[in-house]
Every structure is written in structure tokens, then in C-alpha cells.
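Grab a pencil and work through these exercises with the model open beside you. Try each task before you read its solution.

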Amino acid sequence: MFPVVFSAITFNIFRGEVLEGQVHKVFKHGVFLRCGPMEHIYLSCTKMPGYRYVPGENPEFINEKSPPVGKDDLVRFMVMGTKWLEADREFQALASLEGDFLGPLPRPEI
């Protein structure tokens, strides 16, 4: 027997990949999504065509043709780019809703 040391990436996202994430922060200029172990996926309001920000106690982005995008909603998005931050030991990513079949998923019926 002998010791073995290795490192591995168990979750990695790539530019152009389509994923689903959960909104956990809503700001005037966009939202932050979580997807797997990644907590810093930024979706800018400029990459959400047809959506406008609605402030309030529960701020959200609304569109007349699609469900709203608010806290805890699921969103299908495309990855525009990623960056590894060595100091924080985490990935960050930029997302977009520009494309076919992208956007918020319907809220479940209660």
C-alpha cells in the first residue's frame, strides 16, 4: 500500500451550457442564482429581454408573456462565462435568458 494525493473538479459549468438555478437574491439590476454548489451566478436585467423590475417587499422581474422571476423561483438559463476566484476558492458565472426555452419555470401549484 502507498498514499495517493489527487484533486478533482466534481462540478464544473461551461460557456453555452443550459442549466436550472434557484433565485436567492433579487436586486434592481439583476438576480443571483444558485445551481448545485455554485452560489454566485449573476443574471443581469439586460440579459432578461422583456422583463422589468418591480420593487416592493418581495421584489421581482415581470414579463407579460412569462411567469415572474422572484426569490426562490427556478430559472432555466444559459451560461455566458465563468471565472475561478482563487482567493475565495469558488466559481462565479454570468447567465442569460436570451435564447429558446430559457426563462422561469412555472411555479408549482399548492
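## Exercise 1: A residue on the inside

Leu43 has a relative accessibility of 0%, so it counts as buried. Keep in mind that you're looking at a predicted model.

**Task.** Find out which strand holds Leu43 and which residues Leu43 is in contact with, leaving aside its neighbours within four places in sequence.

**Solution.**

Step 1. Look up the position: Leu43 belongs to strand E3.

Step 2. List the contacts. Once you skip the neighbours within four places in sequence, Leu43 is in contact with Gly30, Val31, Leu33, Met48, Val75, Ala95, Ser96 and Leu97.

Step 3. Pick one partner and check the spacing. Leu43 and Val31 are 12 residues apart along the chain, and their C-alpha atoms are separated by 5.3 Å.

## Exercise 2: Into the core

**Task.** Which residues of the largest nonpolar core touch the most other members, and which elements give two or more residues to this core?

**Solution.**

Step 1. Start with the membership: the largest nonpolar core has 20 residues, and those touching the most other members are Val31, Leu33, Ile41, Leu43, Val69 and Phe77.

Step 2. Now go to the elements. Strands E1 (18–27), E2 (30–35), E3 (38–44), E7 (74–85) and E8 (90–96) each give two or more residues to this core.

Step 3. Zoom in on Val69. Not counting residues up to four places away in sequence, Val69 touches Val23, Val31, Met48, Tyr51, Glu60, Phe61, Val75 and Pro104.

## Exercise 3: Rings that meet

**Task.** How many aromatic pairs does the structure hold, and is the pair of Phe27 and Phe32 stacked or edge-to-face?

**Solution.**

Step 1. Count the pairs: there are four aromatic pairs in the structure.

Step 2. Check the geometry of one. The ring centres of Phe27 and Phe32 are 6.0 Å apart and the planes sit at 90 degrees, so this pair is edge-to-face. The cut-off you need here is that planes over 60 degrees apart count as edge-to-face.

Step 3. See how exposed the two partners are. Phe27 has a relative accessible area of 42% and is partly exposed; Phe32, at 23%, is partly exposed too.

Step 4. Follow the ring pairs: they link Phe27, Phe32 and Tyr42 into a cluster.

## Exercise 4: Exploring the pocket

**Task.** What lines the largest pocket, and which element gives the largest share of that lining?

**Solution.**

Step 1. Begin with the space itself: the largest pocket holds about 160 Å³.

Step 2. Name the lining, which is made up of Phe11, Pro37, Met38, Glu39, His40, Trp84, Arg89, Glu90 and Phe91.

Step 3. Sort those residues by type: five are nonpolar, one is polar and three are charged.

Step 4. Trace the elements. E3 and E8 each supply at least two residues of the lining, and the largest share, three residues, comes from E3.

## Exercise 5: Positive phi in the loops

**Task.** Where in the chain are Arg89 and Phe101, and what is the phi of Arg89 and of Phe101?

**Solution.**

Step 1. Recall the background: most residues other than glycine have a negative phi.

Step 2. Take Arg89. Its place is in the loop between E7 and E8, and although Arg89 is not a glycine, it has a positive phi of about 55 degrees. With 56% relative accessibility, Arg89 counts as exposed.

Step 3. Take Phe101. You'll find it in the loop between E8 and strand E9 (103–104). Phe101 isn't a glycine either, yet its phi is positive, at about 65 degrees. At 73% relative accessibility, Phe101 counts as exposed.

Step 4. Have a look at Gly99, which lies in the loop between E8 and E9. Gly99 counts as partly exposed, at 44% relative accessibility.

## Exercise 6: Stepping back

**Task.** How many helices and strands does the chain have, and what part of its residues is buried?

**Solution.**

Step 1. Tally the secondary structure: zero helices and nine strands.

Step 2. Get the overall dimensions. The C-alpha trace spans about 65 × 30 × 25 Å along its principal axes.

Step 3. Check burial: of the 110 residues in the chain, 31% are buried.

Step 4. Finish with the contacts. Among those with a separation of 6 or more, 55% are between residues 24 or more positions apart.

How values were computed:
Residues numbered from 1 in each chain as written. Predicted model: local features only at pLDDT ≥ 70, side-chain atom pairs only at ≥ 80, totals over all residues. Heavy atoms only, no water. Phe/Tyr/Trp six-rings, centres within 6.5 Å; stacked < 30°, edge-to-face > 60°. Buried < 20%, exposed > 50% of the residue type's maximum accessible area, 1.4 Å probe, protein only. Core = buried A, V, L, I, M, F, W, Y, C linked by side-chain atoms within 4.5 Å. Helix = DSSP H or I, 4+ residues; strand = E, 2+ residues; numbered from the N terminus. Contact = heavy atoms within 4.5 Å. 1 Å grid on protein atoms, 1.4 Å probe; cavity = no way out; pocket = protein on both sides within 12 Å on 5 of 7 lines; lining within 4 Å. Points joined across faces, edges and corners; volume = space filled by probe spheres on them. Nonpolar A, V, L, I, M, F, W, Y, C, P; charged D, E, K, R; others polar.
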